[in-house]
Amino acid sequence: MIETLKENIKNIIEGKYNITNVTVEDGKIENVDISVPLFVVSKQTKKNPKVVFDELEPVLKFEEIKEVNFLNGFLNINLDPKLVSKKVLESILEQKEEYGKSDINKLEIIVMDYSSPNIAKSFGVGHLRSTMIGNAIKNLYLKTGAKVVGINHLGDWGTQFGKMIVAYKKWGNEESIKKDPINELQKLYVRFHDEEKTNPELEQEGRDAFRKLELNDPEMIQLWNWFKDESLKEFMRVYERLNVTFDSYNGEAFYNDKMDAVVEELKEKNLLVEDAGATIVNLEAFNLPPALIKKSDGATLYMTRDLAAILYRAKTYNFTKVLYVVGNEQKLHFEQLKAVSKLMGYNFDIEHIGFGLVLVDGKKMSTRGGKFKRLEEVIEQAVLDAKAAITEKNPNLANKDKVAEAVGIGAIVFNDLKNDRNLNVDFNLDNMLKFEGQTGPYLQYSGVRIASILRENKLDNSKIDFNYFNETHYYDVVKLLSMFPQVIKRSCEQEFPSILAKYLLSLAQGFNHFYGRQKIVVEDINHLNTNLALIQSIRYVLNEGMRILGITYLDEM
Ligand code: ARG
């Protein structure tokens with residue numbers, strides 16, 4: 001509400017003088033809610049700031065504005081806390097979890113490529129980041145009215161599958177793969193690489209097998225399908241626990257029969273060059289190394305499949321924008337993809353949503369060779385630790401396992417999303433599971449405190465007395481609540497879930513501060529309902545924010 005007002009004020013000033021770049025800021029001094037630096041207007045209109053102020057004062061007529069003052073070249077606005085609070089709270093209590101929704105992106109059709117783990121390899125912590133960042137951005141786009149298609153571009157194609165098939169045929173065992181698919185397949189892959197060192201012919205065998213696979217050899221296809229199914233079973237368990245779904249699981253292999261057409265198109269557009277037997281697209285004009293389209297043996301590559309994929313997606317979904325949520329180490333790949341599609345004459349809006357590494361004790365975390373073999377084990381540990389903490393805090397809690405699942409996973413997810421995604425993430429289970437501080441459990445716990453009060457005391461909306469909002473500790477919380485729609489908008493525009501995450505922390509802090517200072521359950525019925533209305537509003541916003549980030553909110557813990 002305050003944000004809308006700020007927007008309106010900006011429009012009025014810019015409209016009146018036919019200028020741009022007017023900034024309308026939050027007030028930084030006592031009793032100032034909104035502040036407009038007038039020098040911006042002065043400069044463009046060549047009028048003295050005081051003159052501008054005198055002209056603007058009569059124009060800024062909004063019922064929420066209590067007074068307007070001129071101070072040191074600023075136009076300062078003081079709002080009526082009671083009226084503002086009434087508007088903010090009434091709109092939250094009416095819209096409930098819909099509060100903050102908008103249609104600013106209603107014309108957008110966003111294709112999102114995220115998660116995209118590699119078959120027969122472990123689901124790494126990097127894929128977890130992609131999954132959760134992608135999921136949060138998807139929810140932000142949905143909240144702002146966009147149509148979103150979520151695609152899991154599974155890494156299910158490439159020379160490594162040829163190697164895997166060779167390794168399986170030489171040393172594999174059906175039973176042990178069924179028992180622990182990804183781990184066993186990964187072992188085979190490692191063995192292949194070890195033996196390759198003493199037996200260089202293996203490499204060629206691997207290439208041949210992949211070539212056969214690309215040519216649809218039935219035996220190869222059958223093995224590949226089996227590896228894929230076994231791996232997917234494991235991935236699906238993780239997605240289920242994270243509560244993440246996709247609209248499509250078309251991985252790299254899906255584009256196998258669409259590859260010739262891309263290569264043909266590149267050829268027609270005179271973009272292909274032979275280079276030491278391989279086929280490339282020269283990207284010197286973009287200051288980039290060449291994009292590899294085909295290897296000397298004719299096998300296609302990651303890039304070729306991404307080109308086929310983007311053309312297919314453009315045709316199938318008619319997207320306005322395509323987002324790739326992939327670690328920063330693939331930055332160059334996406335720059336090349338952009339460059340090649342541009343050379344082909346397409347004007348796709350391609351965005352690479354990068355992110356940093358996951359570190360343990362300052363070193364890159366890897367499920368390979370690390371303490372945990374699989375991501376599921378990491379999750380399991382977090383859930384176990386959460387259960388221990390909950391049991392200590394609340395021994396009689398029902399549904400402990402369900403709560404522990406939500407808290408343990410919520411802790412990992414929030415830890416991943418709370419900072420600028422480009423930064424590295426520090427993975428420390430003890431820290432992320434703390435009930436105080438910048439953690440997922442802290443958000444969940446704040447919500448639970450509110451829920452328990454609301455269970456004992458039913459809110460009666462007709463008995464709210466907005467006069468209480470003249471007190472700062474009430475009004476401060478309202479101001480936070482009023483920011484939510486703008487936070488959603490900004491978090492989505494910049495594609496940074498951390499903006500929302502940080503806001504939720506400050507809202508939870510705002511609540512805890514209020515709670516520490518104001519007795520909620522009081523005798524006076526109007527006062528009680530005023531308090532309940534405020535905390536109910538906080539709860540709606542907290543829950544909705546957590547939902548968007550992919551964190552389960554709780555009633556008890
Ligand atoms: N499977 C790839 C990897 O793990 C990520 C794929 C990202 N998506 C894409 N369209 N290239 O590195």
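Residues 3-79 are where UniProt, in an unreviewed entry, places the feature "domain: Arginyl tRNA synthetase N-terminal". This is a predicted model, so keep that in mind throughout.

Next, the ligand. Which residues are around the ligand? They are Asp113, Ser116, Asn118, His153, Gly155, Asp306, Tyr324 and Val326. By class, the shell around the ligand has four polar residues, two charged and two nonpolar.

Now the other annotated domain. UniProt, again in an unreviewed entry, lists "domain: DALR anticodon binding" at residues 443-557. Here the span is 70% helix and 0% strand. The end C-alpha atoms of residues 443-557 lie 12 Å apart.

H17 covers residues 440-456 and H20 covers residues 497-517. At what angle do H17 and H20 pack? The angle is about 40°, and the axes are 10 Å apart. The two helices, H17 and H20, are therefore oblique to each other. The crossing of H17 past H20 is left-handed.

As for the residues involved, H17 contributes Tyr442, Leu443, Ser446, Arg449 and Ile450. On the H20 side they meet Leu504, Ala508, Phe511, Asn512 and Tyr515. The contact of H17 with H20 consists of seven nonpolar residues, two polar and one charged.

Conventions: Residues numbered from 1 in each chain as written. Predicted model: local features only at pLDDT ≥ 70, side-chain atom pairs only at ≥ 80, totals over all residues. UniProt positions renumbered as here; feature names shortened; annotations may be inferred. Near = placed C-beta within 6 Å. Nonpolar A, V, L, I, M, F, W, Y, C, P; charged D, E, K, R; others polar. Axes fitted to C-alpha atoms, helices over the stretch in contact; angles between N-to-C directions. Helix = DSSP H or I, 4+ residues; strand = E, 2+ residues; numbered from the N terminus. Parallel < 35°, antiparallel > 145°, perpendicular 65-115°, else oblique. Left-handed = near helix turned anticlockwise from the far one by under 90°. Contact = placed C-beta atoms within 7 Å.
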